[in-house]
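Reader: I'd like to go through the wording used for this model. Can you take me from the values to the labels?

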Amino acid sequence: MADLPEIDQKILMGMEGPTFESRPWVEGPPLNQRRVALITTAGLHKRGDRPFQMGQPDYYRVIPGDTRDGEVVMSHGAASFDRTGYQRDWNVVFPLDRLRELADEGVIGSVADYHYSFGTPLTMPENETVASELSDLLKKDNVDAVLLFPV
Amino acid sequence: MIEEHGISTACISLIRPHSERIKPPRSLWVSFELGRPLGAPNDADFQKKVLITLLQLLERPDGPVILDDYPLDAPESDEDVAVLSCPVRFDNQATDDSDPLKTSFLREIQAMRPWYDIALKKRGRTTLGGSGIDIDLLGEYIYAYVKGAEPDNPLQDVDPSVSLKLAVEDLKGYYVEAVTAQPGQEDLSSKALKEWLWDKTTAGEVLVELIKTCSQSENEKLKMMGTHFIAPMDIMLKRNVIKPGMM
């Protein structure tokens with residue numbers, strides 16, 4: 001944050017963001033038994049999927065667990081965050097390769113069949129609807145741990 | 001919000017004050033730059049350490065609301081901006097050239113091609129392709145917008161302004177993937193690459209001209225795209241495309 005240009009710091013600190021009254025807390029099995037999914041806000045999606053656009057009701061894209069580097073592109077709208085890291089290694093944004101390695105090493109139980117990506121800001125009612133929908137999908141995938149990665 | 005529905009979550013925090021306000025169940029604040037929640041490209045060991053630290057929050061009993069600080073900064077490149085090779089400049093070489101900026105731009109794209117091809121071969125993948133425009137046609141497409149034209153939309157069911165944005169990101173990606181394939185430049189910092197792209201290349205010059213044209217457009221979506229989503233704010237201030245206080 002301190003390394004950011006002054007104007008970006010000002011814009012980011014001016015963003016209020018949502019607040020929540022509830023404090024949910026869900027525990028689960030040990031890590032080596034967990035099934036883990038990733039969620040990114042980097043606007044990643046499979047090459048050929050519809051790009052993210054403001055004002056469209058398709059809020060997220062699905063990234064299958066067998067997706068490989070080079071099969072995704074980024075259609076996030078912002079110009080303010082660094083993309084040069086991602087352009088050399090997608091794991092710096094979306095660590096699916098690292099997660100697979102941790103599953104192979106037995107650190108986690110398994111990698112989910114499906115992961116999810118967002119690329120446009122959502123209103124609170126949209127957030128609530130999508131969180132409910134995604135949670136149902138994650139449960140059907142037997143996921144019991146979700147890691148979230150902003151950009 | 002997913003935790004409300006019965007699934008444990010843990011998130012990376014890039015902006016600590018936001019996490020302090022939102023109070024997600026478990027977050028790990030990292031000192032890394034925006035766009036790099038795992039810290040460093042091509043450093044699997046570093047990425048894995050961050051990921052394991054994040055995962056370990058799931059086993060902590062002391063919630064709700066854990067906000068930990070990751071103790072390490074991302075490893076930085078020692079490379080200096082000065083060592084970064086510049087593409088060959090083709091400024092105003094032909095006196096009968098009616099548009100030397102366009103000529104220089106298209107030649108520069110061609111000149112980067114061998115390094116892009118090496119990058120593709122070496123990495124076995126590219127991040128380009130969001131716009132659906134072939135690299136050979138990318139320069140012409142973007143430059144048409146610089147001159148105020150609106151070329152055919154390469155993507156169906158997508159607003160032309162979004163296609164333009166995706167083409168711009170493909171162009172930037174092309175340059176970055178190419179130049180980081182050159183000897184000794186794989187680990188260049190984002191700062192060095194940003195300064196190189198915007199200050200040393202004709203592509204940077206063209207993109208600034210693109211922003212100027214879009215800012216005068218009567219097409220509101222194009223105007224919005226050009227003035228907000230083509231270049232970082234600090235670049236637009238530096239190039240006097242926007243003035244302090246406008247944002």
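**Helix packing and the chain contact**

Author: Happy to. In this predicted model, helix α3 (residues 100–123) of chain B packs against α5(B) at an angle of about 75 degrees, and their axes are 7 Å apart.

Reader: Why are α3(B) and α5(B) called roughly perpendicular?

Author: The label covers angles from 65 to 115 degrees. Their angle is about 75 degrees, so α3(B) and α5(B) count as roughly perpendicular to each other.

Reader: Which residues make that contact?

Author: α3(B) brings Met112(B), Trp115(B), Tyr116(B) and Ala119(B), while α5(B) brings Tyr174(B), Tyr175(B), Glu177(B), Ala178(B) and Val179(B). By class, that's eight nonpolar, no polar and one charged.

Reader: What makes strand β7 (residues 145–149) of chain A and β1(B) a pair?

Author: Pairing takes at least two DSSP bridges. Four bridges join β7 of chain A to β1(B), so the two strands pair. They run parallel, and in β1(B) the bridge partner of Leu148(A) is Cys11(B).

Reader: How many residues of chain B are in contact with chain A?

Author: 69 residues of chain B, meeting 70 residues of chain A. Elements giving two or more residues to chain B's side include β1 (8–13) and α5 (160–179). The largest share, seven residues, comes from α2(B). By class, that side has 37 nonpolar, 18 polar and 14 charged residues.

Reader: What confidence does the predictor give the complex?

Author: An ipTM of 0.93 and a pTM of 0.92. For chain B, the mean pLDDT is 92, with 90% of its residues at 70 or more.

Technical notes
Residues are numbered from 1 along each chain as its sequence is written. Chains are lettered from A and ligands numbered from 1 in the order in which they are written. This is a predicted model: local features need pLDDT of at least 70, side-chain atom pairs count only at pLDDT 80 or more; totals for chains, interfaces and linings use all residues. pLDDT is the predictor's confidence in each residue, from 0 to 100. Two residues are in contact if their C-beta atoms, placed from the backbone, lie within 7 Å. Ala, Val, Leu, Ile, Met, Phe, Trp, Tyr, Cys and Pro count as nonpolar, Asp, Glu, Lys and Arg as charged, and the others, Gly among them, as polar. Axes are lines fitted to C-alpha atoms, for helices over the stretch in contact, and angles run from 0 to 180 degrees between N-to-C directions. Angles under 35 degrees count as roughly parallel, over 145 as roughly antiparallel, 65 to 115 as roughly perpendicular and the rest as oblique.
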